[in-house]
Amino acid sequence: MRLREVVVAVSVALMVLLLAYVVSAGGLGPLAPRELRELARSYLANAYNPWNVTQSSLSLEAVTAIVWDYRGIDTFFETSVLFASIVGVSLIFRGYRERPGIGGRGLSEIVKTSTRVLLPLILVAGVSIALHGHLTPGGGFQGGSFIAVLLVLATVVFSLDFLVERGLASGRLLALRSAGLLGVLATSVALLAVGLALGIDAYIFQNMVREGSELSMPQWLLDRPTGGTLLFFNVFEALAVAAGLALAFLVLSLREEEVGEAMAAGEWHE
Amino acid sequence: MSDPTTFLFAVVVLSLVANTGISLYGVFTRPSLVKKFISLTIFSDTLNSFAIAIGFRRVVGPYPSAAVLSSVPEDPDELLAFAGSAVDPLPQALVLTAIVIGLAVYMFLAGLIMLYHRHYRTTRMV
C-alpha cells in the first residue's frame, strides 16, 4: 500500500514537471499573445456585423453567438446530455415520490424572513441574465442556474414541502424540463418549418439571412437587437436548466421516510 | 523575466499545472468516494481555468476587453477596433459547454455515491 502511494506521487509529480516543460516550451501555442488567432478574430468581427449579415448572428455578445449560433448543434447535444443525466438520476432513485407533511420545519424565523426578501431578487437577477444573454455576459445556462439556486435555497430554508405545496414536485419539474428542451428543438427548426411551408430554402439552426436563404429571425425587439434565435434559445435553456437542476437537487435531498419507499420499490419485472 | 506581466502570467499557468497534479493525486489515493469526487471537481475546474487562460491576450492599453460589444457599432471600423482589443471568445464558449457536461456527470456521480453509502453505510473504497 505504501509502495502504491509512492508510485502515484512520483508519477503525478513527473506529469506536472513534463506538462510545465511543454507549456513553457510553447507546446500550447504562445500564451497571452499580442495577436489573436484567425478563428477568434473572425468570430469577434462577425458576432455583430450588419455589413456582413450572412456570416453574422447579430448578437452583441460573441460567446453567446458561438454557443447558440456558430456551434448550435454542439450546444443542443450538450443540453441533451444534461437531460440524459437527469433522467439517469431519476432512474437510479426510481419509485421516489415527495410525501408532504413529513415534518421538517426548516431553519429559524430570522433566516426565513431574510430569505423571503432575497427570493424575488434572485429570481429577477436570474431572469435578467437569461433575457440579456445576447447583450451582456451571461446567457440561458447561467440564468437558469441562478433560478435553480433560488429553488434549492427555498428547499433548504423552508423544507421540501414549500416547493411541493406550490406545485413544483418532481413530476412537474420534469415536465418543465422537457418543455424547455422541446422549446430549444422547436426554435432550431422554426425557420426550416417556415421555409418548407412557403417553399423557400432554409437550414436547421438558421438564425439570420444566409447564403441561399432569404428567411431571417426578427433582428430587433423595440430598440434592442434580439440576436434572432439567441433570445428564444436563452429563454428555453434557462427554463430547462432551472427545472433540471432543481429536480436533481430534490431527488438527491430526499428524506429518510421517502428513501425507504424508494428502496422498497422493486423492479417492474419482479 | 522580461516584464512583470509575463512573470505573473507564468506563475498563474504553472500553479494551474501544479493544481492539476494535486487534484489527480487526490483522485488516485484518497479512499473516500466523496473526497475523490471533490478532487475530480477541482481537477475539472483547474482545466477549465487553464483553457480560459489560453484565450487571454495582451493589448496596447492596460487590459484587454471582454468579448462583448458595449454598444451597437456605427461603422465597420469599430468592429475592427473591437477585434483588436477583445480576448478570444472561443475557449469561453467551449468551457461553458464543458461546465454543463461536467455538471451532468457530477449529478449522476453524486447520486451513485449516495446509493453506495445507503447500501454499505460508508463511502470508503478499498
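1. Phe205(A) lies in the loop between α8 and β1 (220-221) of chain A. The model is a predicted one, and in it this residue has a positive phi of about 60 degrees although it is not a glycine. Phe205(A) counts as buried, because 20 C-beta neighbours lie inside 10 Å, and the cut-off for that class is 20 or more.

2. Is Arg121(B) buried or exposed? With 7 C-beta neighbours inside 10 Å, Arg121(B) counts as exposed, whereas Phe205(A) counts as buried.

3. The helices on either side of this part of chain A deserve a look as a pair. Helix α8 (residues 170-198) of chain A packs with α9(A) at an angle of about 155 degrees, and their axes are 8 Å apart. The two helices are therefore roughly antiparallel to each other, and the crossing of α8(A) and α9(A) is left-handed. In the contact of α8(A) with α9(A), 16 residues are nonpolar, six are polar and two are charged.

4. Helix α9(A) also packs with α3(A), at an angle of about 85 degrees and with the axes 10 Å apart, which means that α3(A) is roughly perpendicular to α9(A). From α3(A) the contact takes Thr64(A), Ala65(A), Trp68(A) and Asp69(A), and from α9(A) it takes Thr229(A), Leu230(A) and Phe233(A). By class, the contact of α3(A) with α9(A) has four nonpolar, two polar and one charged residues.

5. The largest nonpolar core has 74 residues, and those with the most contacts inside it are Leu44(A), Ala62(A), Ile66(A), Ala242(A) and Ala246(A). Which helix gives the most to this core? Helix α9 (residues 229-252) of chain A does, with 18 residues.

6. One of those core residues, Leu44(A), is among the buried residues of helix α2 (residues 38-46) of chain A, together with Ala40(A), Tyr43(A), Ala45(A) and Asn46(A). The buried residues of α2(A) pack against α3 (62-70) of chain A, and also against α3 (76-83) and α4 (89-120) of chain B. Ile66(A), another of the core residues named above, touches Tyr43(A) and Arg71(A) as well as Pro89(B), Leu90(B) and Ala93(B), residues up to four places away in sequence not being counted.

7. Turning to the contact between the chains, 50 residues of chain A are in contact with 47 residues of chain B. On the side of chain A that touches chain B, at least two residues are supplied by each of α1 (2-24), α2, α3, α4 (72-92) and α9, and the largest share, 10 residues, comes from α1(A). Divided by class, this side of chain A has 37 nonpolar, five polar and eight charged residues.

8. Pro137(A), found in the loop between α5 (109-131) and α6 (140-158) of chain A, counts as partly exposed, with 15 C-beta neighbours inside 10 Å. Leaving aside residues up to four places away in sequence, Pro137(A) touches Glu61(A), Ala66(B) and Val68(B). Pro137(A) and Ala62(A) are 75 residues apart in sequence, and their C-alpha atoms are 9.3 Å apart in space.

9. Leu153(A), in helix α6 of chain A, is likewise partly exposed, with 14 other C-beta atoms within 10 Å. Between Leu153(A) and Leu14(A) there are 139 residues of separation in sequence and 43 Å in space, C-alpha to C-alpha.

10. Within chain B, the axes of helix α1 (residues 4-29) and helix α2 (residues 33-54) come within 8 Å and cross at roughly 160 degrees, which makes α1(B) roughly antiparallel to α2(B). The crossing of α1(B) and α2(B) is left-handed. The residues that make the contact include Val12(B), Leu16(B) and Val27(B) of α1(B), and Leu40(B), Phe43(B) and Phe50(B) of α2(B). By class, the residues of the contact of α1(B) with α2(B) divide into 11 nonpolar, seven polar and two charged.

Technical notes. Residues numbered from 1 in each chain as written. Chains lettered and ligands numbered in written order. Predicted model: local features only at pLDDT ≥ 70, side-chain atom pairs only at ≥ 80, totals over all residues. Buried ≥ 20, exposed ≤ 12 C-beta atoms within 10 Å, placed from the backbone. Helix = DSSP H or I, 4+ residues; strand = E, 2+ residues; numbered from the N terminus. Contact = placed C-beta atoms within 7 Å. Core = buried A, V, L, I, M, F, W, Y, C linked by C-beta atoms within 7 Å. Nonpolar A, V, L, I, M, F, W, Y, C, P; charged D, E, K, R; others polar. Axes fitted to C-alpha atoms, helices over the stretch in contact; angles between N-to-C directions. Parallel < 35°, antiparallel > 145°, perpendicular 65-115°, else oblique. Left-handed = near helix turned anticlockwise from the far one by under 90°.
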